[in-house]
Amino acid sequence: MSELSDRVERVVSGISEAARSADRDPSELTLIAVTKFHPASLVRELQALGLRDFGENRHQEAREKAVELADLDLRWHFVGQLQSKKARQAREYASVVHSVDRPELVDRLASPGHPLDVFLQVNLTDDPARGGVRPEELLALAEHTAGAEGLNLLGVMAVAPLDEEPRAAFARLKAASDEVRTVVPAATSISAGMSHDYREAIAEGATHLRIGTAITGNRPPRD
Ligand SMILES: *Cc1c(COP(=O)(O)O)cnc(C)c1O
């Protein structure tokens with residue numbers, strides 16, 4: 001437990017420092033612990049250390065953990081590629097879906113009743129196989145999402161490309177965010193920053209940080 005709490009503390013203070021040097025208030029940042037591949041027991045330990053927001057990237061695994069940990073008051077963030085046919089099921093446990101990247105998925109997630117918070121994932125690479133909408137299709141997707149029932153558009157999300165300086169990539173995401181805000185003014189959030197680049201993301205306006213290994217340690221191999 002103490003190694004784990006050391007890592008959490010290090011990340012929390014790293015975030016505060018990065019926020020201060022960017023002249024931002026750390027309280028406007030949400031730390032999401034990405035617990036993919038790790039057992040529910042680790043999520044329980046992290047909850048005991050004060051974390052409440054958890055990220056997963058596979059539907060099956062996310063659902064199992066959400067069921068197992070239903071006694072805790074957790075917020076589940078779905079951050080992986082989501083098949084349209086799994087959208088309805090993901091809605092049952094997810095508080096936030098970060099990876100909305102196509103109109104079909106918007107339509108499958110749309111539903112009357114309790115609104116679901118969503119981010120539009122932007123593909124910052126030239127590789128169409130990567131998740132995310134192409135930047136030139138982002139505005140149309142934002143308008144489509146704003147018009148969908150039961151969806152609350154929080155903002156944009158991205159993963160920095162491996163072959164680019166992260167700060168430059170996050171600056172492009174910030175520009176994409178500004179563009180979305182011209183059509184959906186309330187979509188002010190930016191989901192960006194992982195274990196190795198959250199400082200750069202904070203410098204470029206990130207509000208939701210998705211941090212895995214810096215908190216959990218190395219991921220066990222997939223089963
Ligand atoms: C795994 C994952 C993260 C966390 O990555 P780390 O490098 O372990 O911090 C963040 N975002 C997404 C979309 C992920 O799949």
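**View 1. A right-handed β-α-β unit is built from β2, helix α3 (residues 59-68) and β3.** "Right-handed" here means that, with the strands pointing away from the viewer, the path from the first strand over the helix to the second runs clockwise. Helices (H or I, at least four residues) and strands (E, at least two) are DSSP runs, numbered from the N terminus. This is a predicted model, where local features need pLDDT of at least 70, side-chain atom pairs count only at pLDDT 80 or more, and totals for chains, interfaces and linings use all residues. Residues are numbered from 1 along each chain as its sequence is written, and side-chain values use heavy atoms, leaving out hydrogens and water.

**View 2. Strands β2 (residues 53-56) and β3 (residues 75-78) run parallel, joined by 4 bridges.** Pairing takes at least two DSSP bridges between two strands. Look for E56, whose bridge partner in β3 is F78.

**View 3. On to β3 and β4 (residues 94-100), which pair in the parallel sense over 3 bridges.** H77 sits opposite V96 in β4. With helix α4 (residues 87-93), β3 and β4 make a right-handed β-α-β unit.

**View 4. Helices α6 (residues 138-146) and α7 (residues 166-183) pack at about 45 degrees, their axes 9 Å apart.** Axes are lines fitted to C-alpha atoms, for helices over the stretch in contact, and angles run from 0 to 180 degrees between N-to-C directions. The two helices, α6 and α7, are therefore oblique to each other (under 35 degrees is roughly parallel, over 145 roughly antiparallel, 65 to 115 roughly perpendicular, and the rest oblique).
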